[in-house]
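Here is a short report on one protein chain. Look over the sequence and the structure first, then read on.

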Amino acid sequence: MCLPEFVPRRFAYVAAAGLLLIALVAAGLLSGRGGREPEYDGRPLGFWVQQQVPSSTNPLLPVALSDEGANAVRQIGTNGLPMLIHWMSYPERSLRERMFQWLSRKPVSPAVWNFAHPRSYRPDFGILGIRALGPQARAAIPALVKLVGKKQDAQWAVLALCAIGPEGTAGLNEALERIDDGSARGNVLLQLQHGIWPERQADVAPLLTGRLTGDPSAGARMSAAMVLRNFTNAAALVVPALARAMHDRDGGVRFTAAESLGHFGAEASPAVPTLEAALSDENPTVRASATQALHLIRQIGGAGNEKAR
């Protein structure tokens, strides 16, 4: 916008700021809030998903809903699913989003920044709500499967599907089948590395062990092996799968499988013969990884035996 020379510079700045504010207000009105929130006991869903308590079971989400909050979400039930999905869906590149990205490169006040940020994007609210619903949230599976295909939404959609239970895990497998690119499948699998609750590991482990031994992409198999090292609650299923992966044709998969076996300590003892055979692997990194895994298994196992005496 060109202003006549006689217009004071200060006035030009004020006018520009006014136009920016009008654009932000218009964008805010257009972006919407995803509809009216369902209520329980006179309070909206958004209030109940903020009733949180500290939790150490999930490194990615160090909080959980309080008993009162979880009960309220269950009382609202499937009526809350549209809003939970809305909170998990990153806004499209609307006028508001483009303005936000532009502002991120400018020195603006916190008030303007907070207004421009897509406030409807609260994936933590969506995850906590879906976890509270569990299998009751199965109607959200088709929408979550679609979100897995969007790069910016994949991480939260993957965790939400696993939080639903076995049906959600089956939905995640369906989403993976729709992804033709092996690297992209591997990236989706990596989203499971830090965000699976211990009580869900037994449900998700079969999906990962299946990918570890059956995915045509070495990158995806390697991702599965890397994620499985965190599934210590499902060692009986995971350790044999990792041991089988020590015979994979790809050296990177064998290396990662050996490294992951070391994380299980004494519980990986059944894999010791396979790891000992890997000490003669043609790949030096596999040999080194197998050596380290054997050290950890024997060290932790020995410490456990000494403690039991």
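## Ground rules

This is a predicted model: local features need pLDDT of at least 70, side-chain atom pairs count only at pLDDT 80 or more, and totals for chains, interfaces and linings use all residues. Residues are numbered from 1 along each chain as its sequence is written, and side-chain values use heavy atoms, with hydrogens and water left out.

## The whole chain

The protein has 17 helices and four strands. Helices (H or I, at least four residues) and strands (E, at least two) are DSSP runs, numbered from the N terminus.

Of the 309 residues, 46% are buried. Buried means under 20% relative accessible area, exposed means over 50%, and partly exposed lies in between (1.4 Å probe, protein chains only). The protein exposes about 16000 Å², and carbon and sulfur atoms supply 55% of that area. Accessible areas come from the Shrake-Rupley method with a 1.4 Å probe; for residues, only the protein chains shown count as cover.

Residues 24 or more positions apart account for 68% of them. A contact means heavy atoms within 4.5 Å.

## The nonpolar core

In soluble globular proteins, nonpolar side chains tend to be buried together. Here the largest nonpolar core has 82 residues. Such a core is a set of buried Ala, Val, Leu, Ile, Met, Phe, Trp, Tyr and Cys residues joined through side-chain atoms within 4.5 Å. Helix α9 (residues 154–164) gives this core its largest share, nine residues. L144, L192 and L208 have the most contacts inside the core.

Where is L192 found? It sits in the loop between α11 and α12. L192 is buried, at 1% relative accessible area. Leaving out residues up to four places away in sequence, L192 touches V158, C162, L172, V204, L208, V227 and F231. L192 and L159 are 33 residues apart in sequence, and their C-alpha atoms are 7.0 Å apart in space.

## Helix α13

Helix α13 spans residues 218–228, and its buried residues are A220, R221, S223, A224, A225, V227 and L228. Their cover includes α11 (182–190), α12 (201–214), α14 (235–245) and α15 (251–262). S217 caps the N-terminal end of α13: one of its side-chain oxygens lies 3.3 Å from the backbone nitrogen of G219.

R221 belongs to this helix. Is R221 buried or exposed? R221 counts as buried, at 3% relative accessibility. A polar atom of the R221 side chain lies 3.4 Å from the backbone oxygen of P216. Beyond four places in sequence, R221 touches R211, L212, D215, P216, D248, R249, D250 and V253.

## Salt bridges

Side chains of opposite charge can pair when their charged atoms come close. A salt bridge is a side-chain nitrogen of Lys or Arg within 4 Å of a carboxyl oxygen of Asp or Glu. By this rule there are 13 salt bridges.

R211 pairs with D215, with the closest N and O atoms 2.9 Å apart. R211 is buried at 8% relative accessibility, and D215 is buried at 3%. Salt bridges that share partners join E177, R185, R211 and D215 into one network. E199 and R131 also meet in a salt bridge, 2.6 Å from N to O. E199 lies in the loop between α11 and α12 and R131 in helix α7 (residues 123–133), so the pair ties together parts that are 68 residues apart in sequence. E199 is partly exposed at 45%, and R131 is partly exposed at 24%. R36 and E39 form another salt bridge, with 3.6 Å between the closest N and O atoms. R36 is exposed at 74%, while E39 is partly exposed at 44%.

## A positive phi

Most residues other than glycine have a negative phi. What is the phi of D41 near? It is near 55°, a positive value in a residue other than glycine. D41 lies in the loop between β1 (39–40) and β2 (43–44). D41 counts as exposed, at 64% relative accessibility.

Terms used: Polar contact = N/O pair within 3.5 Å; in protein donor to acceptor, adjacent residues only side chain to side chain.
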